[in-house]
Amino acid sequence: MKINMDVFMDNSNRKIIKEIAGNLDCGMDCYYNSKTDEIIAIPNLSQVSDEEEFKKVFLEDLEKIKKQKSDFIKIEVLESFESFKIMEQFVEQMTDDKFKQELEIILIRKKPFQNFKHSIDNSDFRQNWFDFKQNELEEIVKNLLKTQKANTHQNL
C-alpha cells in the first residue's frame with residue numbers, strides 16, 4: 001500500500017495550524033519550530049500580572065526558545081484591531097438580518113468585545129461564531145507560516 005506523502009503533510013500541517021490557532025485564541029503566543037514541528041505556547045506577556053512568576057513557570061520553554069531562536073517562528077496573539085476585524089467579517093457574512101443589525105450596532109458602541117461576546121453567547125449563532133473565528137485564525141496562521149518560511153529560505 002502506497003502512502004501519498006502530500007496528503008500526509010497536508011494533514012500534519014492542518015493539525016499544526018489548528019493547534020496554533022487554538023492557542024492564539026486562548027491568549028498564548030506560539031513558537032513553531034518548522035524543523036521539528038514542535039509548538040511552544042506561552043501566555044502573552046500583556047496577560048501576565050507577575051512577570052517574575054511567569055519567568056519561573058516558563059523558564060525551560062523560554063530558555064529553549066532563546067537557545068534555538070533561529071529555528072522558531074513566533075506567532076503572537078492578535079492585536080485587538082485584528083480581532084475586531086474578524087468580528088466585522090463575521091457580521092458581514094450573517095444571513096439573519098435582524099441579528100446582523102444587532103451586531104452592527106454593538107460594534108459601533110462602547111465595549112464592543114464584551115457586548116459582542118454576550119450577544120453571541122446568548123444566540124443561536126454561537127457555534128457559527130466559534131467555527132468562523134477558528135477558520136479565520138487558521139488562515140492567519142497559515143499565511144504567517146508561509147511568509148515566515150519563505151523569508152527563512154531567502155536568508156539561507
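Which residues in α4 meet which residues in α5? In this predicted model, Phe 84, Met 87, Glu 88, Phe 90, Val 91 and Glu 92 in α4 meet Lys 100, Leu 103, Glu 104 and Leu 107 in α5.

## The contact of α4 with α5

By class, the residues of this contact between α4 and α5 comprise six nonpolar and four charged, with no polar residues. The axes of α4 and of helix α5, which spans residues 97–108, come within 9 Å and cross at roughly 155°. Because angles over 145 degrees count as roughly antiparallel, that crossing makes α4 roughly antiparallel to α5. In handedness, the passage of α4 across α5 is a left-handed crossing.

## The contact of α5 with α6

The axes of α5 and α6 come within 8 Å, and they cross at roughly 160°; the two helices are therefore roughly antiparallel to each other. Here α5 passes α6 in a right-handed crossing.

On the α5 side the contact is made by Phe 99, Glu 102, Leu 103, Ile 106 and Leu 107, and on the α6 side by Pro 112, Asn 115, Phe 116, Ser 119 and Ile 120. Sorted by class, the contact of α5 with α6 holds seven nonpolar residues, two polar residues and one charged residue. Leu 103 and Leu 107 of α5, which take part in this contact with α6, also belong to the α5 residues that meet α4.

## The contact of α4 with α6

α4 and α6 pack at an angle of about 40°, and their axes lie 11 Å apart, which makes α4 oblique to α6. The crossing in which α4 passes α6 is left-handed.

From α4, the contact draws on Ser 80, Ser 83, Phe 84, Met 87, Phe 90 and Val 91, while α6 supplies Pro 112, Phe 113, Phe 116 and Ile 120. By class, the contact of α4 with α6 has eight nonpolar and two polar residues, and no charged ones. Among the α4 residues named here, Phe 84, Met 87, Phe 90 and Val 91 also meet α5; on the α6 side, Pro 112, Phe 116 and Ile 120 also take part in the contact with α5.

## The largest pocket

About 590 Å³ of space lies in the largest pocket, whose lining is formed by 23 residues, with Asp 25, Ser 83, Phe 113, Trp 129 and Lys 133 lying nearest its centre. The elements that each give two or more residues to this lining are α1 (5–25), α4 (80–92), α6 (112–121) and α7 (126–154). The lining of the largest pocket divides into 11 nonpolar, six polar and six charged residues. Two of the residues nearest the centre of this pocket, Ser 83 and Phe 113, also belong to the contact of α4 with α6.

## The second largest pocket

The second largest pocket holds about 350 Å³ of space. Its lining consists of 16 residues, of which Tyr 31, Ile 42, Leu 62, Ile 65 and Lys 74 lie nearest the centre of the pocket. Strands and helices both contribute, since the elements that give two or more residues to this lining are β1 (28–33), β2 (38–43), α2 (51–57), α3 (59–67) and β3 (72–75). By class, the lining of the second largest pocket has nine nonpolar residues, one polar residue and six charged residues.

How values were computed: Residues are numbered from 1 along each chain as its sequence is written. This is a predicted model: local features need pLDDT of at least 70, side-chain atom pairs count only at pLDDT 80 or more; totals for chains, interfaces and linings use all residues. Side-chain values use heavy atoms; hydrogens and water are left out. On a 1 Å grid over the protein atoms alone, a cavity is a set of points where a 1.4 Å probe fits but cannot get out, and a pocket is an open set with protein on both sides within 12 Å along at least five of seven lines; lining residues have an atom within 4 Å of a point. Grid points are joined across faces, edges and corners, and a volume is the space filled by probe spheres set on the points. Helices (H or I, at least four residues) and strands (E, at least two) are DSSP runs, numbered from the N terminus. Ala, Val, Leu, Ile, Met, Phe, Trp, Tyr, Cys and Pro count as nonpolar, Asp, Glu, Lys and Arg as charged, and the others, Gly among them, as polar. Axes are lines fitted to C-alpha atoms, for helices over the stretch in contact, and angles run from 0 to 180 degrees between N-to-C directions. Angles under 35 degrees count as roughly parallel, over 145 as roughly antiparallel, 65 to 115 as roughly perpendicular and the rest as oblique. A crossing is left-handed if the near helix is turned anticlockwise from the far one by less than a right angle, and right-handed if clockwise. Contact means heavy atoms within 4.5 Å.
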